[in-house]
Amino acid sequence: MPESKPIIESIRDYILSCPFLKDGKVNVDYLPDEMAYSIDPVGGDPVYKQYTDGTCLKQFQFSLLSKEAYDGDARTGIANSGFYQFFEEWIERNNMNDIFPKLEGHTAARVDVLQSGYLFSTEADLGRYQIICRLIYR
C-alpha cells in the first residue's frame, strides 16, 4: 500500500497558509508553555453522512489551540479574540472560493467551524485559546 500524506498534515499545511498566524509555528498534539499554536484531532464519528449506495462523506474534527500573552488588559484580550474572529472569517472566505486542504486520496468538500474561538484557560501570563473545526471530505 503506497504511503500517503496524513489528513492532519494536510490540515496543518492549510492552516500554515493563514496570513494571520503570528510566527508560523504550528505543532500537532503539542502546545508548549510559550506563545505557540497546535492542531489537535478531536474524537468523533468519522462518517458525516452515509448514502444508500454505500458511499459517504467523512469528517475529521480538530481544534486549533494557541497560547497567547495574557495580562488581563482589554487590549490584549481583544487582540487574542480578534485573531480567532479573523481566522473564522478566513475559513469562510476559503470555503466560498473552494480553497481547502489538499488531501491525498480524498477530496475536501469544506471546512466548518463548530465552535468559535474562545479563552479556554489561563496561566500566569499566558491564555489558552481554542477554536473547533471539522474537515468534510469524500
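Is Lys67 buried or exposed? Lys67 is buried, at a relative accessible area of 6%. Keep that residue in mind while reading the points below, and remember that this is a predicted model.

1. **Lys67 and Asp33.** Let's begin with the partners of Lys67. It makes a salt bridge with Asp33, where the closest N and O atoms are 2.8 Å apart. The two come from distant parts of the chain: Lys67 belongs to strand β4 (residues 56-69), Asp33 to the loop between β1 and β2, and 34 residues separate them. Their surroundings are worth a look too. Asp33 is exposed, with a relative accessible area of 64%, while Lys67 is buried.

2. **Lys67 and Glu123.** Lys67 also has a salt bridge with Glu123, and here the closest N and O atoms are 3.3 Å apart. Again the pair links distant parts of the chain, with Lys67 in strand β4 and Glu123 in the loop between β5 and β6 (126-137), 56 residues apart. Glu123 has 39% relative accessibility, so it counts as partly exposed. Put together, Asp33, Lys67 and Glu123 are linked in a network of salt bridges.

3. **Another salt bridge.** The structure holds seven salt bridges. One of them joins the side chains of Lys5 and Asp13, at 2.5 Å from N to O. Both ends are partly exposed: Lys5 has a relative accessibility of 24%, and Asp13 has a relative accessible area of 33%. As background, side chains of opposite charge can pair when their charged atoms come close.

4. **Tyr14 and Trp90.** Now for the rings. There are eight aromatic pairs in the structure. In one of them, Tyr14 and Trp90 are tilted, at 4.9 Å centre to centre and with 40 degrees between the planes. Tyr14 sits in helix α1 (residues 7-16) and Trp90 in helix α2 (residues 74-96), so this pair ties together parts that are 76 residues apart in sequence. Both Tyr14 and Trp90 are buried.

5. **Tyr37 and Phe83.** Why is this pair called tilted? The ring centres of Tyr37 and Phe83 are 5.6 Å apart and the planes are at 45 degrees, so the pair counts as tilted. Tyr37 lies in strand β2 (residues 36-41) and Phe83 in helix α2, so the pair ties together parts 46 residues apart in sequence. Tyr37 is buried, at a relative accessible area of 3%. Phe83 counts as buried as well, at 4% relative accessibility.

6. **The ring cluster.** Ring pairs link Tyr14, Tyr37, Phe83, Tyr84, Phe87, Trp90 and Tyr129 into a cluster.

7. **Two backbone spots.** Finally, a word on phi. Most residues other than glycine have a negative phi, and most peptide bonds are trans. Asp29 has a positive phi, near 60 degrees. Asp29 is in the loop between β1 (26-28) and β2, and at 52% relative accessibility it counts as exposed. Asp98 has a positive phi too, near 55 degrees. This residue is found in the loop between α2 and β5 (108-122). Asp98 counts as exposed, with 59% relative accessibility.

Note on methods. Residues are numbered from 1 along each chain as its sequence is written. This is a predicted model: local features need pLDDT of at least 70, side-chain atom pairs count only at pLDDT 80 or more; totals for chains, interfaces and linings use all residues. Side-chain values use heavy atoms; hydrogens and water are left out. Rings of Phe, Tyr and Trp (its six-membered ring) pair if their centres lie within 6.5 Å; planes under 30 degrees apart count as stacked, over 60 as edge-to-face and the rest as tilted. Helices (H or I, at least four residues) and strands (E, at least two) are DSSP runs, numbered from the N terminus. Buried means under 20% relative accessible area, exposed over 50%, partly exposed in between (1.4 Å probe, protein chains only). A salt bridge is a side-chain nitrogen of Lys or Arg within 4 Å of a carboxyl oxygen of Asp or Glu.
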